[in-house]
Amino acid sequence: MKNRVITISREFGSGGRTIGKKVAEKLGIPCYDAEIIEKMAKETGFAPDYVKEAGEYAPGSFLSSAFSNRMFGPTNEDILWEHQYKVITDLAAKSPCVIVGRCADYVLRDADVRLLRVFVSAPEEQRIARKMEQEHLTQPQAVRLLRKMDKQRRKYYETYTHHVWGDSTNYDLCIDTSTCTLDEAAARIADRFRAMA
């Protein structure tokens, strides 16, 4: 029987990471997020902070071009993408799990797993308020951070997948966390997972 895997893509500040952890707890399966970064860092020799940052910057961005040049072969980001692809497919093959971010919905599109692709969003004002509370930011700081992170995630996703980030047709379930609590969102995802044949 194929493993069932949940991938959670999310707008910055929507609560997607927390929802992923809650879903995994409800189902008694692992949730992979920071673990993917740690595994990639171990395999590539890159520092974990660099792996995390590179996963938010598409090739051709200022940070990318400052460290890499395709004239001399694959960029660091290209190398990390290949490792990320392998780590995610290996984790999905090992056991049922939740994978947060890292373009996992795209990476696993043709894998031999039953896939539940989720996108978590929320109105900007709610996401700003959440980040102000979580990270003790002023409103202008939270606005700048949120818009920067959403822009970077969109560019990274679209550069490597050639799909539109956040397009509902790419997902099986889209959840707006302004219409429910994070616990309710997690319960909804868990119920959908249990119903998968």
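What percentage of the 197 residues in the protein chain is buried? Buried residues make up 50%. The model is predicted.

**View 1. The fold of the protein chain, with nine helices and five strands.** Along the sequence, the elements run β-α-β-α-α-α-α-β-α-β-α-α-β-α. Take the contacts between residues at least 6 apart in sequence: 72% of these join residues at least 24 apart.

**View 2. The largest nonpolar core, with 30 residues.** Val 5, Ile 36, Trp 81, Ile 88, Ile 99 and Leu 108 touch the most other members. Seven elements are listed here as giving two or more residues to this core: helix H2 (34-44), helix H3 (48-54), helix H5 (76-94), strand E3 (97-100), helix H6 (104-107), strand E4 (113-121) and helix H8 (139-161). H5 contributes the most, with six residues. In soluble globular proteins, nonpolar side chains tend to be buried together.

**View 3. The surroundings of Ile 99.** Neighbours within four places in sequence are left aside. Contacts of Ile 99 then include Val 5, Ile 6, Thr 7 and Ile 8. Tyr 32, Ile 36 and Ile 88 are also in contact with Ile 99. Ala 104 and Leu 108 complete the list. A second, separate core has 23 residues. Its members include Ile 8, Val 23, Ala 186 and Met 196.

**View 4. The aromatic pair of Trp 81 and Tyr 85.** The structure holds six aromatic pairs. In this one, the ring centres are 6.1 Å apart and the planes meet at 65 degrees, so the pair is edge-to-face. Both residues belong to helix H5. Four residues separate Trp 81 from Tyr 85, about one turn of the helix. Trp 81 has 8% relative accessibility, so Trp 81 counts as buried. Tyr 85 has 28%, so Tyr 85 counts as partly exposed.

**View 5. An aromatic cluster that includes Trp 81.**

**View 6. Charges over rings, at Tyr 106 and Phe 12.** Arg 109 lies over the face of Tyr 106. The distance to the ring centre is 3.8 Å. At Phe 12, the charged end of Lys 131 sits over the ring. Here the distance to the centre is 4.5 Å.

How values were computed
Residues numbered from 1 in each chain as written. Predicted model: local features only at pLDDT ≥ 70, side-chain atom pairs only at ≥ 80, totals over all residues. Heavy atoms only, no water. Core = buried A, V, L, I, M, F, W, Y, C linked by side-chain atoms within 4.5 Å. Buried < 20%, exposed > 50% of the residue type's maximum accessible area, 1.4 Å probe, protein only. Contact = heavy atoms within 4.5 Å. Phe/Tyr/Trp six-rings, centres within 6.5 Å; stacked < 30°, edge-to-face > 60°. Lys NZ or Arg CZ within 6 Å of the ring centre and 35° of its normal.
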